[in-house]
Amino acid sequence: MSKVDDLRQQALRQLQEFEVLMRNGHFDYGNGYHGRVYLNPHQLFRHPSTIWRLAQDLLDVLPGELLDRTEVVAGPVMGGALLAHTLAGLLDGRRALTHPPCSFAPFSSRGDHEFFLRTFYARQMSGKRVLIADDVRNTGKTFERCATLVRSVGGTVLGTVEICDRLEAVTDAGVPNYALAEYKAPENYPAAECPMCKAGEPVTSF
């Protein structure tokens, strides 16, 4: 088993042990889909040491060339932004002191996954190479929307990264995607066709 494979299996065990990976629920992902599995960002970020440990491992599975070229790490609020901020700091810790510091930028939200970039961060991204991070990849639509925002302000998207990929993406950002852990979850359902809703099963809240 390779070091990368070992890191990925270890990360999946940790996600289950820390009750980050929630299964057998009825979750509304806020993007038009429902499903049985959810990566709980509140549990993930409750202890800062947890996200720092996982972010270190995530950097270890990313190609060195990708890390060398990254100038900005960006992520959607809240989970993605917290991960992106941690990755940017840890990435600088691995670089020579003479290397220009890595920047961080959050994608703000107006609700229902309608993301936007504040003017300050939009200016920061112009002409820069950007790595987009999120805690989990479900349908891939969040990454796609964030990548569109980066390109609209003149930035270049290098790749997308996440702690856990549910292997159910229906779209992508047009760049390589990298995950620390992979978990093949049960099928997602369009909200209007959700069998849990039809059976009267309440949406899981926490």
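Author: The dialogue below treats a sheet, the nonpolar cores, a surface patch and the salt bridges.

Author: This is a predicted model, in which local features need pLDDT of at least 70 and side-chain atom pairs count only at pLDDT 80 or more, while totals for chains, interfaces and linings use all residues. Residues are numbered from 1 along each chain as its sequence is written, and side-chain values use heavy atoms, with hydrogens and water left out.

Reader: In what order do the strands of the open sheet of 3 strands stand?

Author: Strands (E, at least two residues) and helices (H or I, at least four) are DSSP runs, numbered from the N terminus. Two strands pair if DSSP finds at least two bridges between them. Here the order is β2-β3-β11, with antiparallel pairing. The edges are taken by β2 (27–28) and β11 (189–190); each has a single partner strand, so one side of each is left without a neighbour in the sheet. Between β3 (residues 33–35) and β11 there are 2 bridges, and H34 stands opposite Y189 in β11.

Reader: Which residues have the most contacts inside the largest nonpolar core?

Author: In soluble globular proteins, nonpolar side chains tend to be buried together. A nonpolar core is a set of buried Ala, Val, Leu, Ile, Met, Phe, Trp, Tyr and Cys residues joined through side-chain atoms within 4.5 Å. Buried means under 20% relative accessible area, exposed over 50%, and partly exposed in between (1.4 Å probe, protein chains only). The largest core has 37 residues, and those with the most contacts inside it are L15, L44, L58, L62, L83 and L87. Two or more residues come from each of α1, α3 (48–61), α4 (64–69), α5 (79–93), β8 (129–137), β9 (156–165) and β10 (177–182). Apart from this core lies another, of 18 residues, including L117, A122, F143 and A147.

Reader: With which residues is L87 in contact, leaving aside its neighbours within four places in sequence?

Author: Contact means heavy atoms within 4.5 Å. On that basis L87 touches A55, L58, L59, V73, A133 and V161.

Reader: Which residues form a nonpolar patch on the surface?

Author: Patches are made of residues with over 30% relative accessible area and no salt bridge; like charges are joined within 9 Å, and nonpolar side chains (Val, Leu, Ile, Met, Phe, Trp, Tyr) within 5 Å. Accessible areas come from the Shrake-Rupley method with a 1.4 Å probe, and for residues only the protein chains shown count as cover. The patch consists of V77, M78 and L82, with about 270 Å² of accessible area together. V77 is in the loop between β5 (72–76) and α5, and counts as partly exposed at 38% relative accessibility.

Reader: How many salt bridges does a search of the whole structure find?

Author: Side chains of opposite charge can pair when their charged atoms come close. A salt bridge is a side-chain nitrogen of Lys or Arg within 4 Å of a carboxyl oxygen of Asp or Glu. The search finds 7. In one of them, E201 and R36 have their closest N and O atoms 2.7 Å apart. This pair links distant parts of the chain, with E201 in the segment after α8 (195–198) and R36 in the loop between β3 and β4 (38–39), 165 residues apart.

Reader: Are R137 and D165 buried or exposed?

Author: R137 is buried, and so is D165. Their salt bridge has its closest N and O atoms 2.9 Å apart. R137 lies in strand β8 and D165 in strand β9, so the pair ties together parts that are 28 residues apart in sequence.
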